[in-house]
Amino acid sequence: MSSNLMHPEKSPYILVLGMGGTIAGLASAAERPLEYAAGQVGVESLVSHIKSAIPKGVNLISQQLANINSRNLSEPLLSSLGERVYASLEDPAILGIVVTHGTDTIEETGIFLQLTCGRHANRLGKRVILTGAMIPSNAPGADGPSNLLDAVKWAATPLDNCPGGIYAVMDGRACLAMDLAKRHTTALNAPLQASPSSSAGLINPSWLSGVKAVQAAWTEDLPIPEGGEWPWVEILTSHAGARPETVSLWLDSEVKGLVLAGSGMGGFHDAWQAPLTLGVSKGIALVRTTRTGAGITYSDIPEKDPIGYLAAGSLTAPRARIALQLALNAEKQAKMMGKPLTWQDFFARIAVLPVIG
Ligand code: SIN
């Protein structure tokens with residue numbers, strides 16, 4: 001983990017945490033930008049490329065937490081990031097935090113940071129901004145520098161009426177990090193295609209009022225699991241010709257939860273009903289969402305939910321998986337403190353957050 005002090009010590013600064021991704025990627029040849037390796041360039045170098053455009057008086061410090069292709073994102077790495085962000089927010093010298101990240105799994109990191117650090121950032125009045133890129137750093141038209149610059153400027157902007165919280169910026173638009181998800185393989189705005197986001201000068205009033213509604217509903221952060229303590233949760237996708245074995249093969253494993261990415265409004269193939277009922281009786285947590293990629297999964301629709309199932313509201317399958325892992329971990333922590341709270345109590349609070357847009 002390298003640390004680079006780019007400006008005089010003791011001045012308040014923006015912390016830029018490098019995680020890797022295409023923003024730090026290198027193409028083998030400029031004319032073949034799709035043939036590249038992610039996570040090759042250090043965050044210190046990414047920051048140095050925007051140095052001349054950083055507004056006067058804004059100081060940056062960069063730290064490399066990882067330099068990976070985010071398809072290899074691990075749960076222990078999420079824990080390290082969460083712990084670093086949480087602790088850094090408390091540092092009076094740090095005005096805001098930017099995280100450079102691969103876009104493939106930025107969806108998971110966005111919801112993770114919202115659920116574990118969102119309230120903390122909001123209370124402290126500081127912003128954490130996730131950003132990434134779709135074009136590797138050495139290819140023509142690389143979008144990383146402008147995305148990073150937008151993120152730094154936003155993290156450094158006085159609050160005015162944009163509250164502290166966990167946000168993301170890509171392609172000149174801003175959204176809550178928990179709304180960011182990659183929805184196209186190559187388009188520059190891929191991570192924002194399905195996100196309710198703000199465009200006019202990054203932030204506009206109607207989007208901001210939606211943000212404030214989400215933040216008002218978010219009353220507590222969930223604990224960050226120890227690196228090796230994440231409960232095992234899998235995503236199963238329902239599809240034509242689904243077989244009972246897709247579920248039953250898990251029932252004798254150590255899996256603690258299943259996220260069902262159902263068809264349409266979150267229904268799943270009848271072939272799964274019997275093994276899922278068995279799974280619930282064995283104590284496996286079950287959450288239903290939709291594989292459509294957008295819209296709400298409601299309780300008791302399309303059929304009445306059997307006891308033990310929860311609908312995931314607006315959470316997509318990757319987000320529902322992280323939320324369920326954090327909810328299961330929170331239940332474990334609550335039990336250790338003698339509090340009678342269940343994963344369902346924690347998960348339901350996440351699933352019913354207001355939806356923007
Ligand atoms: C990655 O997610 O690390 C590679 C893809 C990207 O950043 O767009």
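This is a predicted model: local features need pLDDT of at least 70, side-chain atom pairs count only at pLDDT 80 or more; totals for chains, interfaces and linings use all residues.
Which residues surround the ligand? Residues are numbered from 1 along each chain as its sequence is written, and side-chain values use heavy atoms, with hydrogens and water left out.

**View 1. Residues around the ligand.** Gly 21, Thr 22, Tyr 36, Ala 38, Asn 69, Ser 70, Gly 102, Thr 103, Asp 104, Ala 133 and Lys 182 surround the ligand (a heavy atom within 4 Å). By class, this shell comprises three nonpolar, six polar and two charged residues, with Gly counted as polar.

View 2. Thr 103 places a polar side-chain atom 2.4 Å from an oxygen atom of the ligand. A polar backbone atom of Thr 22 is 2.9 Å from a ligand oxygen atom, and an N or O atom in the side chain of Lys 182 is 3.3 Å from an oxygen atom of the ligand. The protein buries 97% of the 250 Å² that the ligand exposes when taken alone (Shrake-Rupley method, 1.4 Å probe).

View 3. The structure holds 13 salt bridges (a side-chain nitrogen of Lys or Arg within 4 Å of a carboxyl oxygen of Asp or Glu). One of them joins Glu 75 to Arg 321, with the closest N and O atoms 2.7 Å apart. Because Glu 75 lies in helix H2 (residues 75–90) and Arg 321 in helix H8 (residues 317–336), the pair ties together parts that are 246 residues apart in sequence. Helices are DSSP runs (H or I) of at least four residues, numbered from the N terminus.

Definitions and conventions. A polar contact is a pair of N or O atoms within 3.5 Å; within protein, one must be able to donate a hydrogen and the other to accept it, and residues adjacent in sequence count only if both atoms are side-chain atoms. Helices (H or I, at least four residues) and strands (E, at least two) are DSSP runs, numbered from the N terminus.
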